[in-house]
Amino acid sequence: MASALGRRLWIIVGGALALIVVLVFLGGRGSTARVAVVDVKRESLSSVVSTNGKVEPVTPHSFRARYPTFVARVSAVEGQQVKRGQLLFSLDDTEVQADLAQARADLAAQQEALNVAKAGGYASQAAKAAADLQKAQASRDQLRRDNESLTKLVEEKAATSEELQQNRLQLTQAEADVQATEKVKQTLEKQAKLDEGRVALQVEHSRATVSDLQERLDSAHGTAPFDGTLYSLPIHQGDFVKAGDLLAEMADLHQVRIRAFIDEPELGQIDVNQPVEILWDAHPDRVWNGKTEILPKQVVTRGTRSVGEMLCSVTNDRLDLLPNTTVDVRIHVSERPSALVVPRGAVSIEGDNRYVFRVQDNRLHRVSIKVGIANPTSMEVLSGLNEGDVLALPGEAALKDNLSIKAVRPE
């Protein structure tokens with residue numbers, strides 16, 4: 001009995017030892033991690049800032065309603081190439097024409113009144129005042145001469161004092177008449193000057209009214225000011241439009257510009273005359289080329305982003321980039337023709353430091369590096385690595401210094 005129990009105990013101990021050996025063996029096999037690796041190599045590297053933007057015409061011309069009315073006629077279609085002087089639309093101008101005719105008649109009457117005022121008042125009134133003054137002055141002058149003669153005759157006893165006294169009374173009345181007629185003439189002249197100023201203001205106001213009505217009448221017949229593309233025409237015949245409503249927009253679309261929205265952290269890389277590529281989902285096979293032109297002057301909030309708005313000039317020879325469309329923008333901020341390049345995924349960051357895991361003798365070795373320009377997939381290495389070095393890529397296994405690995409090259 002005791003012998004059988006001992007054998008069983010030895011069997012259990014032996015099984016446990018065998019299990020431990022198997023676990024140790026399996027644990028030893030699992031210590032060698034499979035890690036994807038890549039080679040450090042030289043190639044051309046372009047640092048690109050990618051963002052979105054909006055197409056804008058360089059010299060747009062907008063037509064807006066100058067007064068509330070109805071659309072009488074639409075003579076063009078949206079997207080049409082139009083020539084200078086070509087009629088695009090007509091608005092109902094019946095009321096404006098009537099107002100303009102009345103304003104011109106009012107202006108003519110006020111100009112006539114102004115001419116009268118500048119001449120010193122109405123001619124009949126001015127002429128009568130002048131004649132009355134001249135007559136009064138002549139009568140007064142004659143009585144003055146008579147007074148001198150009578151004074152001498154009275155001294156010589158050739159005339160009586162009563163005749164002299166009668167003359168002096170008549171002279172006093174004549175001088176009063178002269179003063180009265182002078183005041184009448186001065187009053188007319190003063191009134192003429194006041195009328196001239198008042199009527200001149202009326203004439204100026206009427207001229208402004210005529211000019212405004214003439215501009216309204218001209219705006220009722222929209223004609224193209226230059227050759228270009230009519231890229232917006234939101235009106236239809238019979239529509240009612242209010243003052244200020246947009247009627248049409250056109251521009252020469254051979255040259256357009258892109259308003260690119262640059263995220264704040266990337267603004268420091270942007271400069272003028274950097275190459276730009278424009279892509280639009282509507283034409284996935286096309287790439288439009290241009291350059292940066294006007295740098296952002298401020299940072300603004302756009303949705304959840306803080307961006308600077310930069311303008312890029314773009315050639316649009318085929319006229320297929322349309323205003324107000326949203327496009328993708330790629331700005332080539334720098335170029336390296338033969339840079340030492342590593343994948344961005346192989347580079348780890350610790351504070352201000354950059355490091356990679358170099359593979360040597362199937363073990364990982366942490367190496368600090370200095371980086372240069374970068375794009376979304378690759379980074380330039382300035383120091384710390386050599387061409388042909390092998391680097392580990394992140395994967396399922398956690399990378400650490402001196403880790404034993406089995407290198408696997410991605411297919």
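The protein chain folds into four helices and 22 strands. Both are DSSP runs numbered from the N terminus: helices are H or I with at least four residues, strands are E with at least two. This is a predicted model, in which local features need pLDDT of at least 70, side-chain atom pairs count only at pLDDT 80 or more, and totals for chains, interfaces and linings use all residues. Residues are numbered from 1 along each chain as its sequence is written, and side-chain values use heavy atoms, with hydrogens and water left out.

Start with the whole chain. Of its 411 residues, 33% are buried. Buried means under 20% relative accessible area, exposed means over 50%, and partly exposed lies in between (1.4 Å probe, protein chains only). The accessible surface comes to about 25,300 Å², and carbon and sulfur atoms hold 52% of that. These areas come from the Shrake-Rupley method with a 1.4 Å probe; for residues, only the protein chains shown count as cover. Among contacts with a separation of 6 or more, 76% join residues 24 or more positions apart. Contact means heavy atoms within 4.5 Å.

Two strands pair if DSSP finds at least two bridges between them. Strand β4 (residues 69–74) and β6 run antiparallel and are joined by three bridges. Across this pairing, Val74 stands opposite Phe89 in β6. In general, strands of a sheet pair through backbone hydrogen bonds, either parallel or antiparallel.

Next come the rings. Rings of Phe, Tyr and Trp (its six-membered ring) pair if their centres lie within 6.5 Å; planes under 30 degrees apart count as stacked, over 60 as edge-to-face and the rest as tilted. The count by this rule is three aromatic pairs. Phe63 and Phe89 have ring centres 5.7 Å apart and planes at 90°, so this pair is edge-to-face. The two are 26 residues apart, with Phe63 in strand β3 (residues 61–64) and Phe89 in strand β6 (residues 87–91). Tyr355 and Phe357 also pair edge-to-face, at 5.8 Å centre to centre and 90° between the planes. Tyr355 is buried at 12% relative accessible area, and Phe357 is buried at 8%.

The charged end of Arg366 sits over its ring, 3.7 Å from the centre. The rule needs NZ of Lys or CZ of Arg within 6 Å of the ring centre and within 35 degrees of the ring normal.
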